[in-house]
Amino acid sequence: MIEISHCDLAYVLGASQVKVYDKFSLKVEQGESLVLIGPSGCGKSTLLYLLAGLLQPTGGEINIRGERVIGTRQKTAFILQEYGLFPWLNVEQNVSLGLRVRHMPKKIYQEAVSEIIHKMGLWDVLHHFPSQLSGGQRQRVALARALTLNPDLLLMDEPLSALDALTRERLQKLLLEIWQDQKLTTVLVTHSIEEAVFLGSRILVLADGRPTHVMGDILNPLVGQSSYRRTPEFFQKTSYVRSLLEGGKVG
Ligand SMILES: Nc1ncnc2c1ncn2[C@@H]1O[C@H](COP(=O)(O)OP(=O)(O)OP(=O)(O)O)[C@@H](O)[C@H]1O
Ligand SMILES: [Mg+2]
């Protein structure tokens with residue numbers, strides 16, 4: 001699904017350069033749910049921007065489904081931490097925005113939009129504006145909008161970090177369900193070790209340092225099993241990820 005080959009990425013800051021990636025390579029299979037975790041500033045968001053086609057690598061290349069990424073791609077959805085909702089549009093209008101800008105007639109999209117709004121539990125707040133929603137509801141609107149476009153790749157940058165613990169767990173379950181139902185390929189950034197092990201079929205631990213490197217590439221085959229969070233295997237995985245992060249510098 002994703003093939004990153006020998007990518008370089010450096011930000012230019014006046015006369016100096018911050019080298020974030022140096023000959024970085026990574027393959028992600030279709031249907032994987034990859035979680036990126038690592039110290040603050042190591043390059044997680046940068047990697048999502050590269051995958052979304054919003055940043056171009058200075059060397060090497062990125063291919064998605066065999067096609068080189070040279071700009072944004074219709075089937076890639078990207079959810080930012082700040083949700084990216086438009087304050088002057090209500091829930092229904094925000095959710096259908098992606099379809100409307102593609103000039104799809106209302107008759108055609110209405111049914112799909114209603115179904116997603118129901119699934120996300122947003123029916124009661126259909127006509128609310130973002131300022132009238134809770135953080136969890138806003139996050140669900142952002143997710144609903146991304147899903148209306150029927151993506152094959154869903155990129156998420158710390159989507160749940162602003163939420164209280166219970167809402168966060170509820171939305172983690174929702175994300176897991178969406179990933180399992182739709183066989184989506186997802187790449188999610190988080191700072192929470194628990195969340196990484198709960199949501200990632202594979203967990204990539206990135207190191208501090210410019211450039212960064214992969215400290216751990218961990219398969220997590222039990223992801224999605226019921227009550228996984230309460231099993232010894234879950235505890236083992238979280239301990240392992242924590243030991244890798246503590247071996248490096250935790251941000
Ligand atoms: N536009 C920019 N110009 C210069 N340097 C940048 C720019 N954006 C990011 N950086 C630097 O690149 C590095 C990687 O940034 P990035 O945002 O990818 O980190 P991150 O892993 O997402 O961190 P966090 O966990 O804090 O969100 C950091 O050292 C940051 O200071
Ligand atoms: Mg970031």
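My entries below go through a sheet, then salt bridges, then rings.

**Ground rules.** I am reading a predicted model, where local features need pLDDT of at least 70 and side-chain atom pairs count only at pLDDT 80 or more, while totals for chains, interfaces and linings use all residues. Residues are numbered from 1 along each chain as its sequence is written, and side-chain values use heavy atoms, leaving out hydrogens and water.

**Sheet.** I found an open sheet of four strands in the order β2-β1-β4-β5, with antiparallel pairing. Its edge strands are β2 (16-28) and β5 (67-68), each pairing on one side only. Strands here are DSSP runs of E, at least two residues, numbered from the N terminus, and two of them pair if DSSP finds at least two bridges between them. Nine bridges join β1 (residues 2-13) to β2, and I noted E3 opposite K27 in β2.

**Salt bridges.** I looked up 11 of these; each is a side-chain nitrogen of Lys or Arg within 4 Å of a carboxyl oxygen of Asp or Glu. R202 and E32 meet in one, at 3.1 Å from N to O. R202 lies in strand β9 and E32 in the loop between β2 and β3, so the pair ties together parts 170 residues apart in sequence. R202 is buried at 9% relative accessible area, and E32 is buried at 13%; buried means under 20%, exposed over 50%, and partly exposed in between (1.4 Å probe, protein chains only).

**Rings.** R229 lies over the face of F198, 3.8 Å from the ring centre. That calls for CZ of Arg or NZ of Lys within 6 Å of the centre and within 35 degrees of the ring normal.

Conventions:
Chains are lettered from A and ligands numbered from 1 in the order in which they are written.
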